[in-house]
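Please keep the sequence and the model in view while reading.

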Amino acid sequence: MAENEQPTHPMVANEESGSGIEKPKELSKKKRMKCIAFAVAFTIFQTGVILAFVLIVLRFKSPKFRVLSGSFHNDPFQIGTEAAPSFNLTMNTQFGVKNTNFGHFKYEKSTVTFEYRGTAVGTVIIDRARTRARSTRKFDAMVVLKTDSVAENIEQLGRDISSGKLPLTSSSKLEGKIHLMKLIKKKKSAQMNCTMNVDIQTRTLQDIVCK
C-alpha cells in the first residue's frame, strides 16, 4: 500500500512552474500595450502640432498699410478763401506697415496718392523695405498737397474752406512677399484706403479712418 502512494510535492512544483511561465507573458503583453498606447498618443500629439503649424504659422495674411498721423509745416500752409479757394500744404506724414505673419514682409517701391474729392493733389514715393514678423514698421515722409487741378470742384472747395475742414483720401498698394524661415515665400500685397480731414484752424490731420 505504501508503494502505491504518489508524492504530491511534484504537482505543486509543476503548478508553480506553470504560473512562473505565465507571468513573463502577461508582463510582455502589458509592455506591448503600453508601447502601442504611447505610439498612438505621440501620433495624435504630432498630428496636433502639424495641424496647429499649418493653421497658424502657414496661414498667410495680407499686411496692412495705413496713414497713422500727419503734421503741417508753417511754410507753406496756404489756404485760400471761400471766394478764391485754393490750398498749398506741406504735410509730414507718418505711415505704418503692419505685418501679423510669422515671416517678414518684403515689399517693393510704391507710390501713395492723396486726393481731394476724387482729384489727385499730392503723391509721395515709398521706398522698398521690409517689415519684421509680427510687428509694425513706422516711417515718415513729406507730402506736398496743392490744388493744381480741382477746377471742377472749385465751388465745393470754397464751401469746405468755409467749414474749416478739407476732406482727403489716400490710396496705395505695396506688392511684396512673406518670407518664412528662408524656405517659404508667399506673394502678398498691402492695400491702403484711408479717409481724413485737414483741420484748418488747428493745422492738424484728424478723423483718420483706414479700411
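Arg117 counts as partly exposed, at 41% relative accessibility, where buried means under 20% relative accessible area, exposed over 50% and partly exposed in between, with a 1.4 Å probe and protein chains only. The model is predicted, so local features need pLDDT of at least 70 and side-chain atom pairs count only at pLDDT 80 or more, whereas totals for chains, interfaces and linings use all residues. Residues are numbered from 1 along each chain as its sequence is written, and side-chain values use heavy atoms, with hydrogens and water left out.

Arg117 forms a salt bridge with Asp160, and the closest N and O atoms of the two are 2.9 Å apart; the term denotes a side-chain nitrogen of Lys or Arg within 4 Å of a carboxyl oxygen of Asp or Glu. Because Arg117 lies in the loop between β4 and β5 and Asp160 in helix α2 (residues 154-163), the pair ties together parts that are 43 residues apart in sequence. Helices (H or I, at least four residues) and strands (E, at least two) are DSSP runs, numbered from the N terminus. Asp160 is buried, with a relative accessible area of 6%.

## Other salt bridges

The structure holds four salt bridges. Among them is the pair of Glu108 and Arg128, whose side chains meet at 3.7 Å, N to O. Glu108 lies in the loop between β3 (104-107) and β4 (110-116), and Arg128 in the loop between β5 (119-126) and β6 (129-131), so this pair ties together parts that are 20 residues apart in sequence. Glu108 counts as partly exposed at 37% relative accessibility, whereas Arg128, at 52%, counts as exposed.

Another salt bridge joins the side chains of Lys165 and Asp207, at 3.5 Å from N to O. This pair links distant parts of the chain, with Lys165 in strand β8 (residues 165-180) and Asp207 in strand β10 (residues 204-210), 42 residues apart. Lys165 is partly exposed, with a relative accessible area of 31%, and Asp207 is likewise partly exposed, with 43%.

## The disulfide

The structure holds one disulfide, a term that stands for a pair of cysteine sulfur atoms within 2.5 Å. The link is formed by Cys194 and Cys210, with their sulfur atoms 2.0 Å apart, and it is right-handed, with 110° about the S-S bond. Since Cys194 lies in strand β9 (residues 184-199) and Cys210 in strand β10, the pair ties together parts that are 16 residues apart in sequence. Cys194 is buried, with a relative accessible area of 0%, while Cys210 counts as partly exposed at 23% relative accessibility.

## Nonpolar core

The largest nonpolar core has 37 residues, of which Phe65, Phe95, Phe114, Ile126 and Leu145 touch the most other members. Such a core is a set of buried Ala, Val, Leu, Ile, Met, Phe, Trp, Tyr and Cys residues joined through side-chain atoms within 4.5 Å. When its neighbours within four places in sequence are left aside, Leu145 is in contact (heavy atoms within 4.5 Å) with residues including Phe87, Leu89, Met91, Phe114, Val121 and Leu168.
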